[in-house]
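Let's walk through this model together, from its surface to its pockets and then along a few pairs of residues. Keep the viewer open as you read.

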Amino acid sequence: QFVIFTKLSISVILGLSLFRQFYVFKTVCSLVTLVSFFVSVIIFKLGIKGAMLSILFTEVTMSVYYIYVISRKVKIEFSFDINFIHKLFDYGVKGFLGSVLLMVISRIDYYILNMFSNIGNVGFYSVSVGFGEMVFFIPEAIGVVLFPKLSGMSLADSNKKTVQLLRFFTLMIGI
């Protein structure tokens, strides 16, 4: 549940256009995970339990920090708006189904390769695919910044800006 909360908190932080904090949070989260993993697994020799505890520690720590940062920007209220929740659910289901389908399509090659080869070859393949997918970090980073900006514009301005940015980034990524 803390993982879900941190993901939602990051979306709120992006919606508030706190991009600098977003990247600081991502970095701090990785560092906290690394340090807590090192302490629990290497120093205290807790093995798998230590790894799980380090992830739990990171998520709890970051959740508390996210609540603090968000509460400084907006007033946090606990209310129940059924229409808003219905809209969120409709959007979320579509996004979830799309994500699941994308994951299945993009990872089915591992299973097919495993049927015709051994696990060692699948391991080499998965590492090479991981390096190849690093190219997708560029559009992902662009999307993280642009989505809150474009969603806050009027439809006409948003469409115009999207076309302009698409031209520019297509040229940049093409190069």
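## A walk through the model

I112 sits in helix α4, which covers residues 82-116; helices here are DSSP runs of H or I with at least four residues, strands are E runs of at least two, and both are numbered from the N terminus. This is a predicted model, so local features need pLDDT of at least 70 and side-chain atom pairs count only at pLDDT 80 or more, while totals for chains, interfaces and linings use all residues. Residues are numbered from 1 along each chain as its sequence is written, and side-chain values use heavy atoms, with hydrogens and water left out.

Staying on α4, look for R107. The side chains of R107 and E133 meet in a salt bridge, at 3.1 Å from N to O. R107 is in helix α4 and E133 is in the loop between α5 (119-132) and α6, so the pair ties together parts that are 26 residues apart in sequence. The criterion is a side-chain nitrogen of Lys or Arg within 4 Å of a carboxyl oxygen of Asp or Glu, and a search of the whole structure finds 1 such bridge. Both partners are partly exposed, R107 with a relative accessible area of 28% and E133 with 27%. Side chains of opposite charge can pair when their charged atoms come close.

Now for the empty space. Rolling a probe the size of a water molecule over the atoms shows where it is left. The largest pocket has a volume of about 1100 Å³. Of the 30 residues in its lining, K7, L8, I10, S11 and L14 are the closest to the centre. Elements giving two or more residues to this lining are α1 (2-15), α2 (19-43), α3 (47-73), α4 and α6 (137-151). The largest share, 8 residues, comes from α6. By class, the lining of the largest pocket divides into 17 nonpolar, 9 polar and 4 charged residues; Ala, Val, Leu, Ile, Met, Phe, Trp, Tyr, Cys and Pro count as nonpolar, Asp, Glu, Lys and Arg as charged, and the others, Gly among them, as polar.

What is the volume of the second largest pocket? It comes to about 810 Å³. Its lining has 19 residues, and the closest to the centre are L8, V12, I76, E77 and F84. Here α1, α3 and α4 are the elements that give two or more residues, with α1 giving the most, 5 residues. The lining of the second largest pocket has 13 nonpolar, 3 polar and 3 charged residues. As for method, a pocket is an open set of points on a 1 Å grid over the protein atoms alone, where a 1.4 Å probe fits, with protein on both sides within 12 Å along at least five of seven lines; lining residues have an atom within 4 Å of a point. Points are joined across faces, edges and corners, and the volume is the space filled by probe spheres set on them.

Next, a backbone detail. K45, in the loop between α2 and α3, has a phi near 50°, a positive value in a residue other than glycine. Most residues other than glycine have a negative phi. K45 counts as exposed because its relative accessibility is 68%.

L150, in helix α6, is buried at 16% relative accessible area, and lies 7.7 Å from T162, 12 residues apart in sequence. P148 is also in α6, and its C-alpha is 37 Å from that of V39, 109 residues apart along the chain.

Definitions and conventions: Buried < 20%, exposed > 50% of the residue type's maximum accessible area, 1.4 Å probe, protein only.
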